[in-house]
Amino acid sequence: MERFTPPSECNTMAELRVQIDAIDVALINLLVIRSGFIDRAVDLKKREDLPARIADRVAEVLDKVSTTAAENGLDPDLARTLWGELIEWSIQREIKELGGD
């Protein structure tokens, strides 16, 4: 993973913004990788005759990210909200391919 300058070592807003922009790019790149797995999930769900939305799995993922966030100093409610949106987007993408819900 890319190394970033710690916030405490940024002495100007310009330096800080460079780091934030670099982090945004890294996050986008990770989301691209994650979306590839969502595409693969569509293929596997078709083969295994699974629906796009599996409520127990959604709850499991949200609980995991909330716990992981809290353990790492990120607001767990923020993580749960962000992943909730990401999961819903992923499910809608799967529904388009699988049909139904």
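Arg80 is partly exposed at 31% relative accessibility, a class that lies between buried (under 20% relative accessible area) and exposed (over 50%), with a 1.4 Å probe and protein chains only. The structure is a predicted model, in which local features need pLDDT of at least 70, side-chain atom pairs count only at pLDDT 80 or more, and totals for chains, interfaces and linings use all residues. Residues are numbered from 1 along each chain as its sequence is written, and side-chain values use heavy atoms, with hydrogens and water left out.

**Salt bridges**

- Seven salt bridges are counted, each defined as a side-chain nitrogen of Lys or Arg within 4 Å of a carboxyl oxygen of Asp or Glu.
- Arg80 pairs with Asp63, with 2.8 Å between the closest N and O atoms; this pair links distant parts of the chain, Arg80 in helix α3 and Asp63 in helix α2, 17 residues apart.
- Asp63 is partly exposed, at a relative accessible area of 42%.
- Arg93 forms a salt bridge with Asp39, the closest N and O atoms being 2.6 Å apart; Arg93 lies in helix α3 and Asp39 in helix α1, so the pair ties together parts 54 residues apart in sequence.
- Lys64 and Glu60 meet in a salt bridge at 3.2 Å, N to O, and both lie in helix α2 (residues 55-71), four residues apart, about one turn of the helix.
- Arg57, Glu60 and Lys64 are linked in a network of salt bridges.

**Helix α1**

- Helices are DSSP runs (H or I, at least four residues), numbered from the N terminus.
- Helix α1 has 36 residues and reaches 51 Å from its first C-alpha to its last, close to the 52 Å expected at 1.5 Å a residue; the expected span is 1.5 Å times one less than the number of residues.
- Its buried residues are Gln19, Ala26, Ser35, Ile38, Ala41, Val42 and Lys45, and their cover includes α3 (76-98).
- Asp49 follows α1 and has a positive phi, near 55°.

**Lys45**

- Lys45 counts as buried, at 14% relative accessibility.
- The Lys45 side chain makes a polar contact with the side chain of Glu94 at 2.6 Å; such a contact is a pair of N or O atoms within 3.5 Å, and within protein one must be able to donate a hydrogen and the other to accept it, while residues adjacent in sequence count only if both atoms are side-chain atoms.
- Not counting residues up to four places away in sequence, Lys45 touches Leu50, Pro51, Ala52, Ile54, Glu94 and Leu98, where contact means heavy atoms within 4.5 Å.

Technical notes:
Helix = DSSP H or I, 4+ residues; strand = E, 2+ residues; numbered from the N terminus.
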